[in-house]
Amino acid sequence: MTSSIDHENDINEDKIDIRFDPFTESDDSVAITGESHVIPGASPYYIQLNEVPKEDTPSLTAIRKIGQLDEDLDDSETGVDVVRGADWAVDDVFAIDSEKMQVTNVVSNTLTVTRGYDSTTPAAHNQYENVETGTLSDDGSNVRAQDDTKDFVDEGVKEGDIFENTTNSQTATITGIRTTTNKNDTLCFSTGTATSNDNGDSYVVKRPRLLIDDSDFTEVFTAPSAGEYEVHYGTADVPYKRGLIRFHEDDKDKTMQCDYTKTGHYNWAEFINDIQDALRSRFYGYDLRPEIITNEHLQDNIIEHDQMSNNAIHQAELYTTTAEVNTSSSNNLTLTGGTYIFYPQVKTQNTGAITFDSRLANYASNPPVSYVSNVYLSASSGLAYAQARYVRSSGHINWYYLLRDVKTKKIIASSIAKDHPCYGNGGKPELMQHPFLSVYTVNNKQYIGDDINIIEVEILVHNLSDEMYIYCVDESVIADNLIPDKSILEILSSNFILDDNDQPEWPKDEVIVGLPRHAINENGEKEVIEDWTKEYYQGRNLLIEPIKREIIQPSHIKTIGIKER
């Protein structure tokens, strides 16, 4: 237990441990061991721990490389087959169980080793280690153990482990564990062949046996080199930032095992909002601050709508994010969010005198046929930017669009948002395929400009990982109070370049493109809803099914990779 923190001044910029216990006025620190993550194969080379590590210098974090055995090994064999031989080098020392081995040669996925290194005892090692065994009580692809006292979580079963029905030899990868109050947990899996499970079948849960590097990576406090890492905690300006571990490009694709003390850093004001979120379902979503809710409001545990003051619902309760666009010429640009957007802001990249024009629309031709949140930007030099907050969906795909000159490969305009451009802008991706409304098509080619100055363009898209998005948010914060913060698009353009040799897959997941105009009310009837916010805060029991669509890749839009400069 660490010392308590004085919270007399609640609303400030100090970061605190999210595991602060308000009842004991103390901070709990929880030790985590063996948490594993794979370093991304493309920049930025960050992993994000499940929780934020406790902030110390040096940190309380230990990180090492691990691998997987790919065969049953006897106690004398010196050729060890592994899943990824490229992760290991001559003179590396690793442990399998209690035996250490030193690498003397690497050929493909076979390591030649010295057995029993450092005075350890050679032993036989199976490719898999058994985690848990028992008898099934359920049929089908979601199974339980017959023993009602069995708790798979307590037994150490994890997502990603392998389930094997030893009665019929079918296997599957565990994708989830549903826990229940009677400790009769249910294993879930959707991949593999183990779909014909019967009551009474025997089973085993196992996982690949690990090779654990004998040497930890070295912690540094600047850009890491190979074999090093940097722990990044975020800043007071980005209170919801999760702890990131930064690695060097040479260590990409390696699997790392992390030990750390988890706490989590949140701004105390945001911590109050988190408590409100957790209790919202009990009190119909109203603000729970003492100055808003008093004892007279809590009669019969119900807060009446007419007892709410005008300032009782504040912006922190809205699930918002930012859509941003820019251009180096003159363009009509769509801001993602549409119906759910706030009024946009604008800026230029240059501090000197330039011609800068910003307006809501400037359509000489090709006006939109449905309502869109459009901004017209024009800059004679440098870049013109616009951004707007919007109430976002629960989508998890980050859309980075670029408009590029086919001939010169110069980026003319770009857009970044956590939702597809059609979200809030009609909700039909077939009609709103990209955010560049000045683009027109002739003979299956895309152009911008007028009859005098016509430019052939191409539309590119890259879906940023959450880690890369967080990296850009963090890099945008400037510590110097005399220098304005940067935007995500500025970080993307200054820190990364396009990689034409990389064409990532187009996302296949369904995403939310809008809210329906109808809901199913308490009586099971379809009802037109004019104001979703009002209905929500009145605590009505409405069945709301957001409109979800798979965004089909248009033939004239291609994906592209990005890499660090």
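Colleague: Why is Cys422 called buried?

Modeller: The model is a predicted one, and in it Cys422 has a relative accessible area of 0%. Buried means under 20%, so Cys422 is called buried.

Colleague: What makes Cys258 count as buried or exposed?

Modeller: The relative accessibility of Cys258 is 0%. Since the limit for a buried residue is under 20%, Cys258 counts as buried.

Colleague: How many disulfides does the structure hold?

Modeller: The structure holds zero disulfides. A disulfide would need a pair of cysteine sulfur atoms within 2.5 Å.

Colleague: What share of the contacts joins residues 24 or more positions apart?

Modeller: Among contacts with a separation of 6 or more, such residues account for 68%.

Colleague: Which residues have the most contacts inside the largest nonpolar core?

Modeller: They are Tyr401, Leu403 and Phe436, in a core of 34 residues. Several strands each supply at least two residues of this core, among them strand 25 (320-327), strand 31 (398-405) and strand 35 (454-464). Strand 30 gives the largest share, four residues. There is also a second, separate core of 21 residues, which includes Ile416, Cys472, Phe496 and Ile562.

Colleague: Where is Ala386, and why is Ala386 called buried?

Modeller: Ala386 is in strand 30. Its relative accessibility is 2%, and buried means under 20%, so Ala386 is called buried.

Colleague: Which residues does Ala386 touch, leaving aside those up to four places away in sequence?

Modeller: Ala386 touches Ala323, Glu324, Val325, Leu335, Gln345, Val346, Val375 and Leu377. For one of them, Gln345, the C-alpha atom is separated from that of Ala386 by 5.5 Å, although the two residues are 41 residues apart along the chain.

Colleague: How do you know that the side chains of Asn197 and Asn165 make a polar contact?

Modeller: The distance for this contact is 2.8 Å. A polar contact asks for a pair of N or O atoms within 3.5 Å, one able to donate a hydrogen and the other to accept it; the pair is therefore listed as a polar contact. Asn197 lies in the loop between strand 17 (191-192) and strand 18 (202-208). With a relative accessibility of 1%, Asn197 counts as buried.

Colleague: What makes Glu164 and Lys206 a salt bridge?

Modeller: Their closest N and O atoms are 2.8 Å apart. The limit for a salt bridge is 4 Å, so the pair qualifies. The pair links distant parts of the chain, with Glu164 in strand 13 (residues 162-165) and Lys206 in strand 18, 42 residues apart. Glu164 is buried, at a relative accessible area of 18%, and Lys206 is buried as well, at 14%.

Colleague: How many salt bridges are there in total?

Modeller: The count comes to 19 salt bridges.

Colleague: Why is Arg246 called partly exposed, whereas Glu230 is called buried?

Modeller: Arg246 has a relative accessibility of 24%, and Glu230 has 12%. Buried means under 20% and exposed means over 50%, with partly exposed in between; Glu230 is therefore buried, and Arg246 is partly exposed. These two residues form a salt bridge whose closest N and O atoms are 3.4 Å apart. Glu230 is in strand 21 (residues 228-232) and Arg246 in strand 22 (residues 244-246), 16 residues apart.

Colleague: How do you know that Glu458 forms a salt bridge with Lys409?

Modeller: The closest N and O atoms of Glu458 and Lys409 are 3.4 Å apart. Because a salt bridge requires a distance within 4 Å, the pair is counted as one. Glu458 lies in strand 35, while Lys409 lies in the loop between strand 31 and strand 32, 49 residues apart. Glu458 counts as buried at 14% relative accessibility, and Lys409 is partly exposed at 44%.

Colleague: Which residues are joined with Glu458 and Lys409 into one network?

Modeller: Arg404, Asp500 and Lys558 belong to this network with Glu458 and Lys409, through salt bridges that share partners.

Definitions and conventions: Residues are numbered from 1 along each chain as its sequence is written. This is a predicted model: local features need pLDDT of at least 70, side-chain atom pairs count only at pLDDT 80 or more; totals for chains, interfaces and linings use all residues. Side-chain values use heavy atoms; hydrogens and water are left out. A nonpolar core is a set of buried Ala, Val, Leu, Ile, Met, Phe, Trp, Tyr and Cys residues joined through side-chain atoms within 4.5 Å. Buried means under 20% relative accessible area, exposed over 50%, partly exposed in between (1.4 Å probe, protein chains only). A salt bridge is a side-chain nitrogen of Lys or Arg within 4 Å of a carboxyl oxygen of Asp or Glu. Contact means heavy atoms within 4.5 Å.
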